[in-house]
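Here is a short report for a first look. Please keep the sequence and the structure in view while reading.

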Amino acid sequence: MYALALIFVFFLAFLAEWLARCSDASSTKPGADKLAKVAFRTAMYAVKSGFSYLVILAVVSFNGGVFLAAIFGHALGFAVFRGRAFRNMGRVDG
């Protein structure tokens, strides 16, 4: 059960980083209604916040393994999702 808890916390942190990346980028279609865009971004933010608060609740259990699983999940999520965005920022298409 402890190993499953660590894996769960790791994936929660990883998914929180993915959702942060999705909400940073404009994930809606260019022709979409403005209200639909706002509703979609608000829903993404709410889910990301929920995942982040679940990770916080797990970390305040003061368990070192849970803390490390959360840190590694956030770090890997950042490297995979946001690191790729930073590599493409300086590229000039033309």
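Where does UniProt place the feature "transmembrane region"? The unreviewed entry puts this feature at residues 51-81.

## Basis of the model

This is a predicted model, in which local features need pLDDT of at least 70, side-chain atom pairs count only at pLDDT 80 or more, and totals for chains, interfaces and linings use all residues. Residues are numbered from 1 along each chain as its sequence is written, and side-chain values use heavy atoms, with hydrogens and water left out.

## Overall fold

The protein chain has three helices and zero strands. Its elements run α-α-α from the N terminus on. Helices (H or I, at least four residues) and strands (E, at least two) are DSSP runs, numbered from the N terminus.

The chain has 94 residues, and 23% of them are buried. Buried means under 20% relative accessible area, exposed over 50%, and partly exposed in between (1.4 Å probe, protein chains only). Of the contacts (heavy atoms within 4.5 Å) with a separation of 6 or more, 76% join residues 24 or more positions apart.

## Annotated spans

Residues 51-81 are 87% helix and 0% strand. The end C-alpha atoms of this span are 16 Å apart.

UniProt also lists a "signal peptide" at residues 1-20, again from an unreviewed entry. That span is 95% helix and 0% strand, with its end C-alpha atoms 28 Å apart. UniProt positions follow the numbering used here, feature names are shortened, and annotations may be inferred rather than shown by experiment.

## Aromatic pairs

The whole structure holds three aromatic pairs. The rings of Phe10 and Phe14 are stacked, because their centres lie 6.4 Å apart and their planes meet at 10°. Rings of Phe, Tyr and Trp (its six-membered ring) pair if their centres lie within 6.5 Å; planes under 30 degrees apart count as stacked, over 60 as edge-to-face and the rest as tilted. Phe10 and Phe14 are four residues apart in helix α1 (residues 2-24), so about one helical turn separates them.

Phe10 is partly exposed, at 22% relative accessibility. Phe14 is buried, at 17%. Phe14 also forms a tilted pair with Phe81: 5.1 Å centre to centre, 55° between the planes. This pair links distant parts of the chain, helix α1 and helix α3 (residues 64-89), 67 residues apart. Ring pairs link Phe10, Phe11, Phe14 and Phe81 into a cluster.

## A buried lysine

Lys48 sits in helix α2. At 18% relative accessibility, Lys48 counts as buried. Beyond its neighbours within four places in sequence, Lys48 is in contact with Ala16, Leu19 and Ala20.
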